[in-house]
Amino acid sequence: MAEEIKVIVFGLAHEEYGIEVDKVRTIERMMPITRVPKTLAFIKGVINLRGVVLPVIDLRGRFGLPESDATDSSRIIIVAVNDLEVGFIVDSANDVIDINTDSIELPPEVVGGIKAKYLRGVAKIGGSRLLIMLNLSEVLNKNEIIQLEEQEV
Amino acid sequence: MDMNAYLSMFIDESKDHLQALNENLLKLEGAPEDIGIVQVIFRSAHTLKGMSATMGFEDLASLTHEMENVLDLVRNNKLKMDHFIFDTLFKGLDALESMVQDIIGGGTGKAEVTPIVASLQAIVKGDYTNKAAASEAAAFGSSIEGAGLDDFQSSIMLQSIDAGLSVYHVVVTVREDCILKAARAYMVFDFLERSGEIVTSAPSVQEIEQEKFDRSFTVFTIAGISEEELRQGIESVSEIEAAVITKLDRESLLQLGGSAAQGASVASASPLAAQAEVNAAQSQTAAASALAPAPVPAAPAQAAGGSVTRTIRVDIKRLDALMNLFSELLIDRVRLEQLAAEIRRNDLTETVEHMTRVSGDLQNIVLKLRMVPIESVFNRFPRMVRDLAKTLDKKVELIISGADTELDRTVIDEIGDPLVHLLRNSLDHGIEPSASRVAAGKPETGTVHLRAFHSGNHVFIEVEEDGSGINREKVKQIAIKNGVVTADEAKRLTDSEINMLIFEPGFSTADKISDISGRGVGLDVVKSKIASIGGNVSVESKEGKGTKFSIQLPLTLSIISAMLVKLGTEKYAIPLSSIVETGIIPREQIRKIHGNRMIDYRGSLIPLISLSQVLEANSFLEEEEQETEIVVIRKGDKTGALTVDEFIGQSEIVLKSLGAYLTNIEAISGATILGDGQVALIVDPNALIK
C-alpha cells in the first residue's frame with residue numbers, strides 16, 4: 001500500500017533522520033535542563049514544557065555517538081509514543097517533507113553505527129538524499145534501559 | 001434510546017444504593033424491630049430495581065425484585081427478621097454487587113442467582129425453617145389475594161376515614177368498542193390522582209397500563225370531593241361506559257377485610273393458619289392504630305434527605321484539570337512575587353500581595369474539592385468484619401470513629417487495600433477465640449477500633465484491637481528462622497524494633513496458613529503501599545492487652561510546603577513535613593565514628609548525610625566549607641542531618657511527576673516548577689534514612 005506520510009527531518013552527526021509528524025508534539029529551542037541524578041548518561045534531565053515536566057534524551061548519547069555541545073541550531077523535539085512523552089536533543093531540525101511509504105526500504109545491518117533495531121527503514125528522497133526513519137518505540141524501549149542499568153551496576 | 005450516556009450515572013447511583021442497603025441492613029441486624037430502617041432499605045431496593053429495569057439489566061432487576069418482596073413483608077409486619085433472612089439478603093446484596101461490578105467492567109450484569117432467588121422466594125412463601133412464621137406469612141399471603149387489600153392499605157383507609165376524608169370504592173367500566181383502553185384508564189387515574197390519592201387498584205397499575213384488563217377495573221381511592229363530583233369527573237373521560245362508586249365507611253371496610261380473611265381461611269386447611277387468620281381479622285382495628293405511626297418515621301427520613309447539602313457529581317478528570325491550571329497560576333504567582341521584590345514599586349507589591357492572598361484562598365478551595373471523607377473507604381468494613389468474624393467463629397465488634405475525616409481523593413483510592421489487610425490481620429491474629437478470651441478474663445466479644453483523625457499536616461488512621469498482642473519472642477524466633485535478622489542482631493533489637501519486624505517481607509507468625517491472612521504477604525505489602533503514597537505505618541503492642549497499628553498519611557499529594565535548598569548551581573526541594581529543623585554547624589563539630597560522619601544533635605548522635613554525594617551534585621564542594629548548613633529530617637523515630645550548600649527558603653510547591661519514562665529514581669520523589677520556570681527535583685527524605 002503506497003501512502004504519503006509527512007515526516008520531520010532532523011540532523012544528527014551529519015546524517016538526516018525522520019520521524020512521522022503525528023508522533024511529534026512540538027519542536028523547541030534549547031532551554032534550561034535540570035539534571036536528574038542516578039540516571040543513564042544519555043538522559044540529560046528534565047525540562048519545563050509549559051507547566052509539564054518532561055525528560056530529555058540526548059539522541060547522540062542514546063545511539064552511542066560522540067556527544068557534542070549544544071549549538072544555536074540544536075533543537076529539542078518532543079515526541080509522544082504510547083503513554084511516553086520525551087524530548088530528543090538533536091543537532092538541527094530543518095524540514096517537513098512528504099515521503100511515500102513505498103520508498104522506505106528495510107534498514108541495512110549497519111547504518112552510521114546505530115543498531116538496526118532502532119530503525120524503521122531508510123527512505124530515498126530525490127536522487128542521493130537518504131533519510132533514516134526511526135523506530136520510536138524501540139528507541140524509547142524501557143526494558144532495554146533497565147538492562148543497560150543492570151550492566152552498569 | 002442510547003443508554004450509554006446514562007450508564008455512568010447508573011453505576012454511580014447503584015453503588016450508592018448498594019452501599020446504603022449494606023449499611024442499613026447492618027443497622028437493622030442490630031435493631032431488627034425498627035421498621036423505619038426497613039422503610040429506608042425498601043426505598044433503596046425499589047429505586048435500584050427501577051433503575052436496573054430501565055437500563056435493561058433484567059437479572060439485576062429481578063433479583064432486587066425478589067429481595068423487595070421479602071422486605072415488603074417485613075415492613076408490613078408480616079415477617080420477622082431472623083438470621084436466615086439476614087444471611088440471604090446479604091448474599092443477595094453480594095450478588096447484586098458482583099453484577100454491578102460486571103456492568104462496570106463492560107459486562108451485561110448477568111449472573112447465576114437461582115439459589116438466592118429460590119431462598120428469597122422460600123422466605124416470601126414462608127416454607128423455610130421457621131414453621132410459625134410460615135403459617136403466618138401464608139395466611140397473609142392469601143388475604144392479599146382475597147381482596148386486593150393488605151392490612152397496610154386498609155389501615156391507611158381507616159385512618160383517612162377517621163380523619164374525615166372520604167374513601168371510595170370505584171368500579172370503572174370502559175365501552176366495549178374502546179380502542180385505547182390503557183389511555184382511557186390512564187386518564188381516569190390522572191383524574192383520580194388530581195382529586196385525591198389512589199390507595200390500590202385491581203388489576204395493578206402496571207397491568208392496566210399494559211392493557212392487561214378486560215373491560216373494568218377497580219380502584220380504592222381517598223378523595224376530597226363528593227361522590228357525584230367523582231362520578232362526573234370519571235364519566236367525562238370519553239369512552240367510559242360507567243363508574244360505580246361506593247362510599248366506604250368503617251364497617252364496610254372492615255367487612256371487606258373480614259370477608260377476605262374468611263375466604264382465605266376456607267382455602268387454608270391448617271388450623272394454625274386459620275387461627276392466625278382470625279387473629280389477623282380481629283386485630284385489624286388494632287393494627288390500624290398500631291400501623292398508624294408507620295408512615296410517620298418515613299417522613300422525617302425524607303425531610304432529612306431534603307436537608308442534606310446539595311451536591312453535584314463532577315468527573316475527577318475535570319478536578320485534575322482545575323488543579324493543573326491552578327498550579328500554573330501558583331508558579332506565576334511565585335514569579336510575580338520575585339519580580340515585585342526586584343522592582344520595588346508599592347502599588348505593584350500591594351497588588352501582588354493581594355493576589356497572593358486570593359490565590360491562597362483559592363488553593364484551599366481547590367484542595368478541598370478533591371477531599372473526600374474517608375467514610376467512603378470505611379463504610380465497607382462493618383460488613384467485612386461481620387463476615388470475617390462469622391468465618392473465624394469469633395465475636396468481634398468494630399467501632400469506627402472519625403469517618404468524616406477528609407483526605408485527598410488520590411490517597412483515598414490507595415488506602416483501602418492496606419486497611420483491609422490490617423483489619424483482617426487484627427481479626428485473624430489479634431482477637432483471640434471467645435474461649436481463650438473468657439479464660440484470660442476479657443469480655444467475650446473482642447473490640448476493634450478504627451479511628452481516623454487530623455493532626456497537623458497529617459491524617460492518622462489507627463486500627464486497634466484488644467487481642468493477644470504481639471508475641472515478641474515468637475516474632476524474634478521466626479525472624480531468625482526466616483533469615484530476616486541474624487540471632488546476634490535479634491538480641492540487640494528494642495521492643496519496638498521487634499514489632500516492626502512483622503512488616504518485613506517474607507514474615508508470617510500464623511501457625512497455620514488460613515484464608516484470611518498468614519500467607520506472609522500482607523504486612524510488608526501494607527508497608528510499601530503506604531510508603532508509596534507518602535505515608536508511614538507503625539505498630540504498638542502490649543502482650544495480652546492488644547495491638548495498635550497507626551498509619552500516618554499526608555493530607556494531600558498535589559501541593560506541599562517545602563524547603564528549597566541549593567547545592568552549587570542546582571536547586572532541590574525538601575518536603576517540610578519531614579523536616580524537624582534547620583541549622584548551621586561548624587566543621588569541627590562533625591565527628592567520625594567508624595567511618596561514618598555523625599553530629600551531636602540535642603544530646604544524641606545522628607548521622608550526617610551529604611546530599612550532594614547522594615545526588616551526585618558535583619558543582620558543590622562540601623570540603624571547602626567551614627560551616628555547614630544542615631537540614632534535620634525525621635522518618636518515624638529515626639533522625640538524620642542532610643548537609644546542603646545554602647537555604648533558599650520555604651515555598652508552596654506543586655508536585656509534578658517525572659513522567660512515565662523516568663521512574664524509580666533513587667532519593668527523588670518528583671519534580672516541581674520554580675518561579676523562574678526552572679524544574680527543581682523533590683528530595684525523598686524517607687529514602688535517605690535507612
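**View 1. Polar contacts between chain B and chain A in a predicted model.** Across this interface, 7 residue pairs are in polar contact, both residues having pLDDT 80 or more; a polar contact is a pair of N or O atoms within 3.5 Å, where within protein one must be able to donate a hydrogen and the other to accept it, and residues adjacent in sequence count only if both atoms are side-chain atoms. On the side of chain B that touches chain A, strand 13 (570-575), strand 21 (668-673) and strand 22 (679-683) each supply at least two residues, and strand 21 gives the most, with 3 residues. Helices (H or I, at least four residues) and strands (E, at least two) are DSSP runs, numbered from the N terminus. This model is predicted: local features need pLDDT of at least 70, side-chain atom pairs count only at pLDDT 80 or more, and totals for chains, interfaces and linings use all residues. Residues are numbered from 1 along each chain as its sequence is written, chains are lettered from A and ligands numbered from 1 in the order in which they are written, and side-chain values use heavy atoms, with hydrogens and water left out.

**View 2. A salt bridge between R35(A) and E570(B).** The closest N and O atoms of this pair are 2.7 Å apart. Between chain B and chain A the count is 2 salt bridges, each a side-chain nitrogen of Lys or Arg within 4 Å of a carboxyl oxygen of Asp or Glu.

**View 3. The area buried between chain B and chain A.** The contact (heavy atoms within 4.5 Å) takes 25 residues from chain A and 23 residues from chain B. About 2,000 Å² is buried, of which carbon and sulfur atoms give 62%; buried area is the accessible area (1.4 Å probe) that two parts lose on being put together, summed over both. In chain B, Y661(B), L662(B) and V679(B) lose the most area to chain A, together 36% of what that side buries.

**View 4. The lining of the second largest cavity.** A cavity is a set of points on a 1 Å grid over the protein atoms alone where a 1.4 Å probe fits but cannot get out, and lining residues have an atom within 4 Å of a point. The lining consists of L21(B), L25(B), I41(B), A45(B), M67(B), L71(B), L89(B) and L93(B). Helix 1, helix 2 (35-55), helix 3 (58-75) and helix 4 of chain B each supply at least two of the lining residues.

Terms used: On a 1 Å grid over the protein atoms alone, a cavity is a set of points where a 1.4 Å probe fits but cannot get out, and a pocket is an open set with protein on both sides within 12 Å along at least five of seven lines; lining residues have an atom within 4 Å of a point.
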